Amino acid sequence: MSGLARLVGGPADIGRGPVFWSLVALTLLGFALYPSAVSEFQVSNTAYYLLNIPLGLGMALLWGYCGVLSFGHVAYFGIAGYSYGVIAGNLSDSPSGPVVGALGGLLVSAVVAGVFGYFVFYARVQKWIIPILTLVLTLLLETFLGQTAGYQWRIGSVLLGGYNGMTGIPSFGFGEFEFQGTSFYYLCLVLVLACYFGLRMLLNSGFGQVVVAIREDELRTETLGYDIRARQWAVFVLSAVLAGLSGLLYVQWGNYITPSQVGLLQAALPVIWTAVGGSTSLLAVVIATFALNWLTYTLSSEGNQYAMVIIGALLVVTMLFFPRGIVVMLAEHLDRLLPRARREARR
Amino acid sequence: MTTAPMLETRRLNKRFGGVVAADNIDLSVETGELRCLIGPNGAGKSTLFAMLCGIQRADGGQILLAGRDVTHMQAFQRVRLGVGLTFQTNRAFHQLSVRENLAIPRIPHDAERRALGAERLAVALETFGLDPEDETRAGELSHNQLQWLEIAMVLSGYPDLILLDEPAAGMAGEETARTATLLKRLNATGLTIVVVEHDIAFVKEVAQSVTVLHQGRVFAEGPVEAITANEEVRKIYLGKA
Amino acid sequence: MSRNEENDKTVRTDGVDASAVPQAEADRGTDRGTGRGPAIRRRSFMQGAGATAAGLAMPTVIRGLKTARAAEGKVKIGHIEDLSGNLAVYGVQKFHAAQLAVKEINEGKTLKGGPVGSGGIGVMANYAAKAPVMGDGDKDLKFVNKGGDMTGTGMAFVQDEDVLIDSGESGLLGREVELIAPDGQSNNNIWQQLTRRLIQEDKVDCLVAGFTSAEREAIRPIVDKAKQLYIYTNQYEGGVADSNTFCTGAICEQQVIPVVDYMVKTFGPRIYTIAADYNFGQLTAAWTKAFAPLVGGEIIQEEFVPLSVSDFTTSIARIQAAKPDWVFTLLVGSNQSNYYPQASAAGLEYPMASTVNMAQGYEHRRFKPPSLNRMYNCINYMEEIPTARNQAFVKRWYEMFPDDPYIGQMAQNTYFSIHLYAKAARLAGTTDQESVKKALESGFSIEAPEGAVFLEPSTHHCSHYIRLATADAEHNVSFVREWPSIQPWWLQRIGVNLVKHKEYKQYIPDEDPFFSMFGKKK
Amino acid sequence: METQSLVLSLLYQLGTSAAFFFLAAVGLIIILGMMNIINLAHGELMMMGAYTATIATHAGVPFALTVPLAFLVVAAFGAVLERLIVRRFYGRQLGALVVTWGISLVMGQGTLLFFGPFMPSIKIPGGSFSYGDFSFSEYWLVLIAISVALIALLWWLYNRTTYGLQARAAMQDATMAKSLGVRTGRVYTLTFSLGAGLAGLSGALIAPTATIAPFMGQQFVAPAFITVVVGGAANVIAGAVGSATLLAAVKTPVGMAFGAFYGTVALLFAALVIIRIMPDGISARLQRWFDRRSRSGLL
C-alpha cells in the first residue's frame with residue numbers, strides 16, 4: 001500500500017476493500033448527477049442536508065475519536081455564520097467580500113474555540129463537565145444575541161438583528177460568480193468530501209492514532225510522553241472550525257441566521273446525529289446526518305403532527321437495538337457476513 | 001563532584017484528608033540501579049509512585065530527575081526527560097493492534113538515546129517473543145502477553161528510567177521468571193529500573209537494593225538480603241507492627 | 001385536509017370578467033340587505049359604488065396583466081404554521097382558520113367587501129363622523145359592547161350583522177381551492193425548506209405563513225427571490241416594507257398608542273415597562289417610550305426579560321420598589337406568561353396594559369382569576385367580541401372545530417386574509433401573482449369578524465377595528481373603548497410607498513429621526 | 001423601615017430563587033448526580049407532574065393531595081421507563097442522552113396531541129402579605145419550607161436507611177455491591193423511580209406558578225443541569241443545596257439592580273466561573289472544608 005492509500009484506506013473508519021470503494025464511487029456519481037435529474041428545489045434541499053455534515057463530522061472527531069463531548073458546538077456554527085454575515089455584509093461592494101468573510105468566520109470561531117478550549121483543557125476540567133460547560137457557553141451566546149435588536153448592535157453597516165436574526169447575508173462567490181442553487185449544491189458536496197477524506201487521512205496518521213489513544217486512556221497516553229492537553233485542544237479547535245464551516249454554508253444557503261440556531265434544541269442535534277450513526281465512524285456520521293435531516297424535513301413536509309413523536313420513538317428504538325450506532329453496527333454485521341471481503345480488507 | 005542520582009526525592013509529603021500517605025520521603029536511586037519498593041498495603045507505595053510520575057501533586061518536598069527539579073512538571077514533560085512507566089492494572093490500548101501500540105509512544109530526537117533505546121526494545125521483544133508488525137488487536141492477547149506488551153510499549157519510548165508497578169502481578173511461575181529475566185537483561189544495558197512490588201520472591205529474584213515503605217515513611221533500605229532478613233520488616237508484612 | 005364538501009360545484013365557464021364578480025357580490029349584498037336598517041342600505045350602496053369605481057379603473061390596472069396561467073387545476077394556497085413544537089399553541093389555531101376559510105370559499109361563500117379605492121373612503125363611509133361612545137360606567141359600556149343599537153340615542157355607527165355572503169361560484173374563479181399546509185415544527189430551518197418547497201415545487205398561488213417575526217424574516221428572502229405573493233397574518237412590531245408581502249395583523253401604532261393614552265389618562269403617568277428581550281418587546285417598548293411623553297406619561301423604568309426566564313420574583317420586587325401607576329407588560333411566550341400568576345400571588349395589584357396577552361394565548365381562560373385582574377389590552381380581535389357578525393363567525397368555527405379551546409386574534413387574521421386573497425383574485429380575474437398583488441393594492445376593504453378592515457395600498461398593512469379589552473377579577477372580558485378604524489401610518493410617515501417604489505426591507509424605529517431622540521435601552 | 005423591607009425582600013427573593021433552582025434540580029440530583037444518567041427528559045417528567053396535579057385539581061382533588069399523587073404517578077412512570085429502556089444504558093452515558101432526548105420528544109409532542117396546547121392552570125394557594133413597599137407570596141414561602149424539608153428527607157434517606165446505603169454502594173461499585181448481596185437491579189429501578197417521582201413532585205409544586213403547556217418542561221432543563229453540575233458529585237445533595245444558594249445569591253442582587261437580562265447573564269457566567277475554579281463542584285469544596293474542620297476538632 002502506498003502512503004496515501006494507507007492514509008485514506010486505513011483502519012480509522014469503517015469501509016475498506018474494493019467493494020466498498022466501488023460503492024462509494026457509485027454513490028458519488030449519483031450525487032454528481034443528481035441535480036440534472038430533479039427540480040431546483042430538491043437540489044437546494046439536498047444541499048441543506050449536505051451542509052450539516054461538517055458539523056456532524058466535527059462532532060464525531062471530537063466525541064467519537066477523542067472522547068470529549070461538546071454539547072455546545074452549535075456556538076461555533078453560529079459564531080462563524082454571524083461573523084461571515086458581518087464581514088461579508090460590510091464588504092458587499094468588494095468582490096472578495098465573501099471570501100474574506102468566510103476566512104474571517106472560520107478564524108473567529110477558531111479563536112473563540114481556542115480560548116475556551118484553553119480554559120477547559122489546560123485546566124484539566126473533568127470530562128463529564130465539558131458538555132455542560134459548552135452548553136452554558138452556547139446558552140450565553142443565545143441570550144446575548146437574542147437581545148441585539150436595536151441600532152446600537154450595528155457592526156459597520158450590518159445589524160445583528162436580535163431574535164429575528166440577521167438578514168440579507170450575501171451568498172458565497174468569487175467576484176461576479178455566486179454560488180446558488182446547483183452550484184451551491186456542488187460547493188457543499190465538494191466541501192463535504194474534502195472534510196470527510198481529510199479527516200479520514202488525519203485519523204489514519206500518527207496524530208490520529210494518538211487522538212484515539214487519548215480517548216482510550218488519557219493517563220497511559222500522557223505517560224507515553226504526549227501532552228494530551230495540547231492534542232485535545234487542537235482537536236477541539238479543529239472540530240469547532242468544522243462546525244464553523246457548516247455555519248458558513250448555512251448562512252449562504254438561507255442568507256439568514258437567528259439566535260435560536262445556537263439554542264438548546266439545535267445544540268442537541270449534532271450529538272443526536274453522531275450517536276444515531278455511531279460516533280466511532282466518520283462515514284456513519286455522514287450517513288446519519290444526511291438521513292436524519294432528510295427524515296425531519298420529509299415528516300414535517302407532510303404536515304404530520306406526529307413527526308416529533310416518530311423521530312423521538314425512532315431515536316429510542318435505534319439506541320435500544322443499535323447501542324453503538326445504527327450504521328456502525330450494520331457495517332459490523334455486514335463484515336461478518338462477508339468474511340472474504342474482510343480478509344481482503346485486512347491486507 | 002559525583003553525578004546526580006537518576007531519581008531523587010527530598011522530604012516528599014502528601015496527605016489525603018486526615019491520612020498521611022507520604023511523610024517526608026527521602027529516596028535516592030543511582031543511574032543503572034535496579035531498585036524495588038516494597039511495603040504492606042497502605043504503606044504509601046502507590047502514592048509515591050503516582051507522585052514520581054506526576055499523576056499526583058506532592059503537598060511538599062522535591063522530586064529530582066538526574067539532578068533536575070521536576071516537582072512542578074506535568075507527567076508528559078517528565079516522560080520526555082526519559083521516564084517510562086507501567087501501571088498496576090494493564091493499560092495497553094486494547095482497541096489497537098500490537099503494531100499500533102508499539103508505534104504510539106513518542107520517540108526522542110536524541111540519536112544516542114535512540115540507538116540505546118532501540119537495542120533495549122529489541123531485547124524486550126526477543127525475551128517476550130513479541131512481533132512488532134503483529135496486527136492482532138491487543139484486546140485478543142492473553143493477560144501475560146498484555147503485561148509484556150505494555151512493558152515493550154514503554155520501552156518503545158526509549159526511556160532512561162522505568163518505573164514498573166507490579167510487573168509480574170497475576171503471572172504464573174514460568175512467566176514471572178521471564179519477566180525477571182528481562183528486567184535483569186535490561187538493567188545490564190544500563191537502564192535504571194524502579195519496581196514497586198508485593199511479591200517477595202520476585203523481589204529476591206531481581207533486586208539489588210530494596211526500600212521498605214511503612215505508613216508513608218521509609219522504614220528500611222539496603223541490599224536485598226539484609227532487608228529480607230530484617231526482623232522488623234517481617235513483622236510489618238505479617239501485620240504485627 | 002381542506003375538508004371541503006365536494007357538492008354544489010357550479011363551475012363557471014372560462015374567463016371571468018374582472019369587475020363582474022365584485023359587482024355580483026355587491027348586488028347580492030343589496031338583495032340581502034333589503035328590509036334592514038338604513039345604515040345597511042347605505043353601506044350596500046357604498047360597496048356597490050366602490051366596486052363600480054374599481055370597475056372603471058380596473059381595465060387599465062388589471063386587464064392588461066391578464067397573463068393568467070391555465071384556468072384548470074386547483075388554486076393552491078400554501079400555509080405554513082407550527083403544528084408541533086413550542087409554538088403549536090398558536091399554529092394550530094391559524095391552521096384551523098385557514099381550513100375554515102378555504103372550506104367557505106369552496107362552498108361558494110365570501111366575506112362582504114371589495115375595492116374601495118386607495119383612500120379607503122368605503123370603510124369610513126360606514127361610520128358617522130362622530131367618535132364612538134366611550135365606556136364610562138355601565139350605562140354606556142353596554143352600547144359599545146353590543147356594537148351599537150339601532151334605536152338607541154347614543155348610537156354612533158353600525159355594522160352589518162351578516163357578512164358572509166354568496167360569492168356566486170364555488171371555489172375561486174371556477175377552480176377548487178386547495179390548502180397545502182405542512183408543519184413548520186417551530187424550527188426556522190424547516191420553515192425555509194418548506195417555503196422553498198411550496199414556492200418551487202407546489203408553485204402555490206399565495207403563501208400565508210408565519211407566527212414569529214423570526215419565522216417571517218427567515219422566509220422573506222426566499223419569498224422575494226421568487227416574487228411570491230405572501231401574506232403575513234400576525235400582529236407584530238411593524239416596519240416591513242416589502243412589495244411581495246402583505247401584513248394583515250395589527251402593528252405598534254395601532255395598539256400601543258390607544259392603550260397608553262387610555263392608561264395614562266385613567267390610571268396616571270408613571271409607567272413601568274416589562275418586556276420580552278427580543279425584537280418585538282424592545283421595539284414595542286421603544287414605541288411606548290416615544291409616545292408616552294406626548295400624552296403626559298413617563299416611563300419610570302424599563303426591564304427586558306430574556307425569553308428563557310420563567311421565575312419573576314426579582315422583577316416583581318423591582319416593580320414594587322419603583323411604585324408605578326400601572327405596568328405595561330409586553331411578555332411573550334409560555335415561559336413569560338408565568339409572570340401573571342406569580343405577580344398575582346405576590347400581591348402585585350397594579351393595573352396592567354399589554355398588546356399581546358389574552359388575544360393570542362387566551363391567558364384569561366387559562367389562568368385562574370384574578371391573575372389578570374385589571375389587564376387592559378388593545379386588540380383587533382378576541383373571541384368575546386359581542387357583535388352579531390362575530391358571534392356568527394364563532395358559531396361557524398366551533399361547528400367545524402368543536403374541540404378548539406379559543407379563537408385568537410391571529411386565527412381571525414388568517415381567516416379574513418384568505419378570504420381577502422380570494423376576493424382580490426376574483427377582481428384580477430386570474431391567480432397570476434403580479435395581477436393579484438395589483439388587485440390587493442387597489443384599496444381593498446373586507447368585512448372581517450372584527451369589523452371592517454382596509455388594506456392600505458402604499459404600505460401593504462391593514463387598518464383595523466381596534467378595541468380596548470379588559471379583564472375583571474373574575475376574568476370576564478369587556479370592551480371599554482373602540483376605535484373603528486386605526487390606520488397603519490408609521491411607514492407612510494417615513495415615506496414608504498410600495499405602489500410607486502418597490503422595497504424589500506424592515507424598518508426599525510431607530511431609522512426614524514422621530515424616534516432617535518429617545519434612547520432605546522437602559 | 002425602607003431598608004428593612006428592602007433587605008427582607010432581597011432575602012425573600014434569594015429564598016424563592018434558590019428554592020426554584022433546587023426544585024428544578026431535585027429529580028436530576030438523583031438521576032444525574034447519583035446514577036450518572038444525563039436525563040434530557042427531566043423537564044418532561046416535571047411537566048408530567050404538573051399535568052397530573054392540574055388534572056387532579058380540576059377533578060376536585062385538593063391541591064395538597066395532588067402533590068403526593070404527582071410523585072406517585074411520575075415515580076411509577078419512571079419505574080416503567082427504567083425497566084423498559086433506561087436500564088440498558090447504565091455506563092453508556094451518551095446513549096442514555098440520546099434515548100432520553102427521544103423520550104422527551106415523544107412525551108412533549110404526545111402531550112400536545114393528547115391534551116391540546118394549553119391547560120387551564122390552577123390557582124396559587126395562599127394569599128400574600130406585605131411589609132413596607134414589598135409584598136410577598138405565601139405560597140413561595142411554603143415552597144421554600146418544602147425545599148428545606150426535601151433536603152432533610154433526602155439526607156436522611158441516603159445516610160440513615162438501608163436503601164440509601166445500598167444505593168450509594170451500588171452507584172460506587174456495582175460489582176462489589178452485588179457480591180455483597182445488594183440486588184442492584186432493584187436498587188437502580190428504585191433510584192430512577194425516586195428521581196422521576198421527585199421531578200414530578202416539584203413539577204406539581206411549581207405548577208400553580210407556571211403555564212401548563214406540553215413544552216413547559218424545557219424551561220427547567222438548563223437551570224437543573226447547571227445546578228447539579230455546579231453542585232458536583234462528591235455529595236450530590238449538599239452540592240445541589242450549595243449551588244442553588246450560590247446561584248441565587250448571584251442572580252438576585254444583579255437582577256434587582258440591573259434587570260432580568262443581566263441577572264440571567266450573571267447566572268450563566270457565574271456557573272462557568274464556578275465550574276472552572278471548582279472542577280469537582282461545590283460539594284467537593286464543602287467536603288474538604290468539613291474534613292478540615294473535623295480534623296481540627298471543630299466539628
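Colleague: How far apart are the end C-alpha atoms of residues 49-79 of chain A?

Modeller: This is a predicted model: local features need pLDDT of at least 70, side-chain atom pairs count only at pLDDT 80 or more, and totals for chains, interfaces and linings use all residues. Residues are numbered from 1 along each chain as its sequence is written, while chains are lettered from A and ligands numbered from 1 in the order in which they are written. Residues 49-79 of chain A are 71% helix and 0% strand, where helices (H or I, at least four residues) and strands (E, at least two) are DSSP runs numbered from the N terminus. From end to end, the C-alpha atoms of that span lie 20 Å apart.

Colleague: And what does UniProt call residues 49-79 of chain A?

Modeller: The entry is unreviewed, and it lists several spans of chain A under one name, including 49-79 and 233-251. UniProt positions are given in the numbering used here, feature names are shortened, and annotations may be inferred rather than shown by experiment. Residues 233-251 of chain A are 100% helix in the model, with end C-alpha atoms 27 Å apart. The name in the record for both spans is "transmembrane region".

Colleague: Which helix of chain A gives the most to the side that touches chain C?

Modeller: Two residues are in contact if their C-beta atoms, placed from the backbone, lie within 7 Å. By that rule, the contact takes 32 residues from chain A and 34 residues from chain C. Helices H3 (40-51), H7 (130-146), H13 (282-301) and H14 (307-321) of chain A each supply at least two residues of that side. The most, 5 residues, come from H3(A).

Colleague: Now chain D: how many residues does H1(D) give to the side that touches chain C?

Modeller: Here 40 residues of chain D are in contact with 37 residues of chain C. Several elements of chain D each supply at least two residues, among them helix H1 (2-34) and helix H4 (93-115). H1(D) gives the most, and its number is 5 residues.

Colleague: Which residues have the most contacts inside the largest nonpolar core?

Modeller: A nonpolar core is a set of buried Ala, Val, Leu, Ile, Met, Phe, Trp, Tyr and Cys residues joined through C-beta atoms within 7 Å. Buried means that 20 or more other C-beta atoms lie within 10 Å of a residue's own; exposed means 12 or fewer, partly exposed is in between, and C-beta atoms are placed from the backbone. The largest such core has 450 residues. Those with the most contacts inside it are Ala25(D) and Ala50(D).

Colleague: Which helix gives the largest share of this core?

Modeller: Domain 1 (24-250 + 384-457) and domain 2 (251-379 + 465-488 + 508-522) of chain C both give residues to the core, so it lies between them. Those bounds come from an automatic or database domain assignment. The largest share, though, is 17 residues, and it comes from H1(D).

Colleague: Over in chain C, which strand does a hairpin join to E15(C)?

Modeller: Strand E15 (residues 444-448) of chain C has 5 of its 5 residues buried. Phe444(C), Ile446(C) and Ala448(C) point one way from the strand, and Ser445(C) and Glu447(C) the other. Two strands pair if DSSP finds at least two bridges between them, and E15(C) pairs in the antiparallel sense over 3 bridges with strand E3 (residues 113-115) of chain C. The hairpin runs through 2 residues and joins E15(C) to E16(C).
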